[in-house]
Amino acid sequence: MTSKTFKSFYLFYRFLARRLRAFYANHGKAQRYPPTEKLRDRTVVFDVEEAVLRDRSTFPYFMLVAVESGGLLRGMLLLILYPAICCLGKEAALRMMAMVAFCGLREKAMKAGRAVLPKFLMEDVGEEGWEVVSKARRRVAVSCMPTVMVEPFAKEYLGAEKVVAREMRVVAGYYTGWMKSAEEELQVAALFGKEKRRKEAVVGFGGSGSFRIHHNVFAHCEEVYFVSTAEKRRWRALPRCKYPKPVVFHDGRLAFKPIASSAAAMFFWLPFALLLAVARAVVFILLPYALSIPLVAVLGMHNRVIISSSSGGPVSLGFHDRLFICNHRTLLDPLCISAALGRPVTAATYSISRVTEWISPIRTVRLTRNRDEDLRLMRDLVDRGKTLVVCPEGTTCREPYLLRFSPLFAEVNADVVPVAIETAVSMFYGTSTTGRLKSLDPLYFLLNPIPSYDIQFMNRVATGTIAGRECSSRDMANYLQTEIGRLLGFECTAFTRKDKYLMLAGNEGFSQVKK
């Protein structure tokens, strides 16, 4: 009986070995990457997790969907189930994560795939993998993640013509949490049929687990190349300067990639963070700046004020300076400028919640987006001796980019003091575009263990001239955008608030737009 069992195992092993040798003889190649010269006129089918991203784990991206679309409690449930997920097979683990992350979410409200995930996916792209994929004439992306999670990233940032992934079942406009069965062969049959009629070769590029998960797709490829796990460990992150498309806008509260250990640290930190954030807010709101600034420093908030001059000379700031403009990082920008000046200021805002207005220790005025009315309002404030802070970008930007400056501020006063602002957070972003509770933006900033603000005051600038020559308000806005960008090391863009909301939220950010 024992000899028969051994013989059966031996015969099965020989059969399996022959099948594997046959597959690699027809499809697999020993090279780690496809030869570059073979890709210029070919279609490359690449596995997003195995051939482009350095980390093949999909848990952080499901955690992002759970937290950003479903809330912290949903994210905590997914984290609690993480040990069970690790014990399951690949397919069962994917289905469990999809069930927890998606079940009960509204289909129309699911914006994480477009607004949140691309930033984190782009930061995980390997330079070596992208160099291979970028050489192809046509690209087809394959992923084990749901289409709604990976398609915006693959098409907009990786240039994929088609994305082969799972669909989530939807009933009455809500996700059920069930992933549809793999129908990859049906999705790509027509595409590969066209390639064969054109007599164009299709090259596959994946990793150690690609053929097990996506065998229906890679079976159509004439050649398949695999990257080993050991090789991927040596991959370098793709530098920002080599991004196929810059990530200027993104949304969501989490400022870190939520791998299991980082997510656990966040949930352990939250109870202490809430107490600390309330203490920081109370100190800043109720106490005078002479007391609140050193106290918030003791509570872990780092603030630095720099007086910088583009000409190298001294910069003098006095009570006669009435108009300050700054790039916009969070809602706390005017408050921090007020603390740095040691005197109250008035912040001009376009959209701010009533709750934020009520608890703000400085005065805020609402602009109407009517140019003449807003100009009259700001001039009246300056003429009455008020110190006015304006953010010409009109909305916040988290990345090292500056949005186009509105030129209206250049017509308010004869001179202006530009202020360059940079912030640093490690756990939560203090801004939100598509979130429902924008009034909590300052609280989220204060929840960070060590949030920091760098404020750099620049030379006073006459708003009517540049280098001794008269200029228009538009020229002055562009000039100050360039100067602030140069000081911070940020890249200037022509994007506006409207562009940001269209990209992230699919709307213009307000009900009416003044043309």
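Six bridges link strand 15 (residues 415-424) with strand 16 (residues 452-457), and the two run antiparallel. Here two strands count as paired if DSSP finds at least two bridges between them. Helices (H or I, at least four residues) and strands (E, at least two) are DSSP runs, numbered from the N terminus. Within this pairing, Thr423 stands opposite Tyr453 in strand 16.

Strand 16 also pairs with strand 9 (residues 302-307): six bridges join them, and they run parallel. How many of the six residues of strand 16 are buried? Five of them are, so strand 16 is largely enclosed by the rest of the structure. Buried means under 20% relative accessible area, exposed over 50%, and partly exposed in between, with a 1.4 Å probe and protein chains only.

## About the model

Please keep in mind that this is a predicted model: local features need pLDDT of at least 70, side-chain atom pairs count only at pLDDT 80 or more, and totals for chains, interfaces and linings use all residues. Residues are numbered from 1 along each chain as its sequence is written, and side-chain values use heavy atoms, with hydrogens and water left out.

The protein has 22 helices and 20 strands. Of its 515 residues, 49% are buried. Take the contacts (heavy atoms within 4.5 Å) between residues at least 6 apart in sequence: 74% of them join residues at least 24 apart.

Strand 11 (residues 346-349) is covered on both faces. Thr346 and Ala348 are buried on one side, and Ala347 and Thr349 are buried on the other.

Strand 11 has a parallel partner in strand 12 (residues 363-366), joined to it by four bridges. In this pair, Thr349 stands opposite Arg366 in strand 12.

## A buried phenylalanine

Now look for Phe205, which sits in strand 7 (residues 202-207). Is Phe205 buried or exposed? With a relative accessible area of 0%, Phe205 is buried. Phe205 and Gly129 are 76 residues apart in sequence, and their C-alpha atoms are 9.2 Å apart in space.

## Helices 15 and 16

Two packed helices are described by the angle between their axes and the distance between the axes. Helix 15 (residues 260-286) and helix 16 (residues 289-298) pack at an angle of about 160 degrees, with axes 8 Å apart. The axes are lines fitted to C-alpha atoms, for helices over the stretch in contact, and angles run from 0 to 180 degrees between N-to-C directions. Helix 15 and helix 16 are therefore roughly antiparallel to each other; angles over 145 degrees count as roughly antiparallel, under 35 as roughly parallel, 65 to 115 as roughly perpendicular and the rest as oblique.

Which residues meet? From helix 15 come Arg280, Val283 and Phe284, and from helix 16 Tyr289, Ser292, Leu295 and Val296. By class, this contact of helix 15 with helix 16 has five nonpolar, one polar and one charged residues. Ala, Val, Leu, Ile, Met, Phe, Trp, Tyr, Cys and Pro count as nonpolar, Asp, Glu, Lys and Arg as charged, and the others, Gly among them, as polar.

## Two loop residues with positive phi

Most residues other than glycine have a negative phi. Ala172, in the loop between strand 5 (168-171) and strand 6 (174-179), has a positive phi near 55 degrees. Ala172 counts as exposed, at 73% relative accessibility.

Arg369 also has a positive phi, of about 70 degrees. Its place is in the loop between strand 12 and helix 19 (371-383), and at 22% relative accessibility Arg369 counts as partly exposed.
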